[in-house]
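I opened the model to look up a few residues and helix pairs. My entries follow in the order I made them.

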Amino acid sequence: MKRVTVFFVLLLSCFAIISCGQTNDVHRLTQAAEQGDADAQYKLGMCYLSGLGVAQDSAEAAKWLRKAAEQGDAYVQFNLGMCYYNGLGVPQDYAEAAKWWRKAAEQGDADAQSRLGECYHYGEGVAQDYAEAVKWFRKAAEQGNADAQNDLGAFYNNGLGVAQDYAEAVKWFRKAAEPGNAEAQYNLGLSYYTGLGVAQDYAEAVKCWRKAAEQGNAEAQYNLGTCYYNGEGVAQDYAEAAYWFHKAAEQGDADGQYRLADLYYYKFYQQDKAVKLYKAAARQGHKEAQKTLITLGEEW
């Protein structure tokens with residue numbers, strides 16, 4: 001699945017930010033950076049990005065990160081790639097992002113390998129190439145990168161760039177799910193629910209979806225609600241189904257809105273709430289919600 005990262009560097013570079021804040025000596029850092037010290041260039045870039053010790057300036061941040069990246073540090077190259085991907089301090093440029101991620105990936109940086117795999121998956125900055133995406137996902141996955149493990153599992157599940165292999169998909173979903181990757185927990189739940197690559201087990205599906213749902217995964221919240229609605233893997237419980245449909249609906253999930261509306265209309269007899277939810281789903285193009293509203297004589 002495609003991942004969108006915002007202000008990634010602030011999350012990945014706590015050490016650099018702390019250094020700026022503790023020394024409060026950006027002048028000394030600037031002197032070292034101007035003399036070519038790559039670590040100082042990186043930290044100075046982080047100070048400008050975060051606004052610690054200097055006025056926040058994304059363009060100045062990108063300038064110093066580029067100087068450090070050109071000296072070959074894979075971690076800095078990865079972050080500079082993120083600047084280009086998100087348009088932080090530089091014009092958004094997927095090709096330039098892919099270029100810097102490749103430099104870092106070739107040095108073994110797992111995060112860069114994973115992001116380069118995403119570029120090949122979606123054809124961002126490079127020609128779309130599923131086999132090449134698999135190559136980079138595998139490199140990152142073998143280093144324990146959970147996002148890449150999940151992506152590799154998805155490629156095996158769908159036969160993209162590799163021969164379709166449901167058991168291999170489950171293997172990688174499980175590796176990513178165990179440390180808490182919500183998308184992988186959702187995907188592993190699907191495998192248990194459908195019985196593809198693993199013995200069908202609704203109770204295990206529920207366990208996986210609950211873990212993902214508790215992390216805010218809307219698809220897992222919807223599926224967990226469906227299990228409670230149908231009594232699959234859990235005792236049938238309309239109140240619990242409504243709880244999880246509501247969680248999904250709050251995130252704008254049209255299926256969640258529709259199923260919650262059904263519960264309000266047919267089980268809880270709260271037609272006004274039901275109609276509002278049907279309309280919310282219908283406005284997103286949900287065909288069943290639209291049909292229901294036509295039957296009810298309602299517009300959306």
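**Entry 1: Q290.** I looked up Q290 and found it buried, with a relative accessible area of 14%. Buried means under 20% relative accessible area, exposed over 50%, and partly exposed in between, with a 1.4 Å probe and protein chains only. Q290 sits in helix α18, residues 287–296. I take helices (H or I, at least four residues) and strands (E, at least two) as DSSP runs, numbered from the N terminus. Leaving out residues up to four places away in sequence, Q290 touches A282, G285 and W300. Contact here means heavy atoms within 4.5 Å.

**Entry 2: ground rules.** This is a predicted model, where local features need pLDDT of at least 70 and side-chain atom pairs count only at pLDDT 80 or more, while totals for chains, interfaces and linings use all residues. Residues are numbered from 1 along each chain as its sequence is written, and side-chain values use heavy atoms, with hydrogens and water left out.

**Entry 3: the whole chain.** I counted secondary structure next. The chain has 18 helices and zero strands. Its C-alpha trace spans about 70 × 45 × 35 Å along the principal axes. Of its 300 residues, 49% count as buried. The accessible surface comes to about 14000 Å², and carbon and sulfur atoms hold 47% of that. These areas come from the Shrake-Rupley method with a 1.4 Å probe; for residues, only the protein chains shown count as cover. I also checked contact range. Among contacts with a separation of 6 or more, 46% are between residues 24 or more positions apart.

**Entry 4: Q77.** How buried is Q77? Its relative accessible area is 4%, so Q77 is buried. Q77 lies in helix α6, residues 74–86. I listed what it touches beyond four places in sequence: A69, G72, W100, W101, K103, A104 and Q107. I also took one C-alpha distance. Q77 and A112 are 35 residues apart along the chain, and their C-alpha atoms are separated by 8.5 Å.

**Entry 5: T226.** T226 is in helix α14, residues 218–230. With a relative accessible area of 13%, T226 is buried. Setting aside neighbours within four places in sequence, T226 is in contact with F245 and R259.

**Entry 6: Y269.** I checked a backbone angle here. Most residues other than glycine have a negative phi. Y269 has a positive one, near 55 degrees, and is not a glycine. Y269 belongs to the loop between α16 (254–267) and α17 (271–282). Buried or exposed, at 60% relative accessibility? Y269 counts as exposed.

**Entry 7: α4 against α5.** Two packed helices are described by the angle between their axes and the distance between the axes. Axes are lines fitted to C-alpha atoms, for helices over the stretch in contact, and angles run from 0 to 180 degrees between N-to-C directions. The axes of α4 (residues 38–50) and α5 (residues 58–69) come within 7 Å and cross at roughly 165 degrees. α4 and α5 are therefore roughly antiparallel. Angles under 35 degrees count as roughly parallel, over 145 as roughly antiparallel, 65 to 115 as roughly perpendicular and the rest as oblique. α4 passes α5 in a left-handed crossing. Left-handed means the near helix is turned anticlockwise from the far one by less than a right angle; right-handed means clockwise. From α4, the contact includes Y42, L44 and Y48; from α5, it includes W64 and L65. By class I get nine nonpolar, three polar and two charged residues. Ala, Val, Leu, Ile, Met, Phe, Trp, Tyr, Cys and Pro count as nonpolar, Asp, Glu, Lys and Arg as charged, and the others, Gly among them, as polar.

**Entry 8: α9 against α10.** α9 (residues 130–141) and α10 (residues 146–158) pack at about 140 degrees, with axes 8 Å apart. That makes α9 oblique to α10. The crossing of α9 past α10 is left-handed. Among the contact residues are V134 and F137 of α9, and L152 and F155 of α10. The contact has 10 nonpolar, one polar and two charged residues.

**Entry 9: α10 against α11.** α10 packs on α11 (residues 166–177) at about 165 degrees, with axes 8 Å apart. The two are therefore roughly antiparallel. α10 passes α11 in a left-handed crossing. The contact residues divide into nine nonpolar, four polar and two charged.
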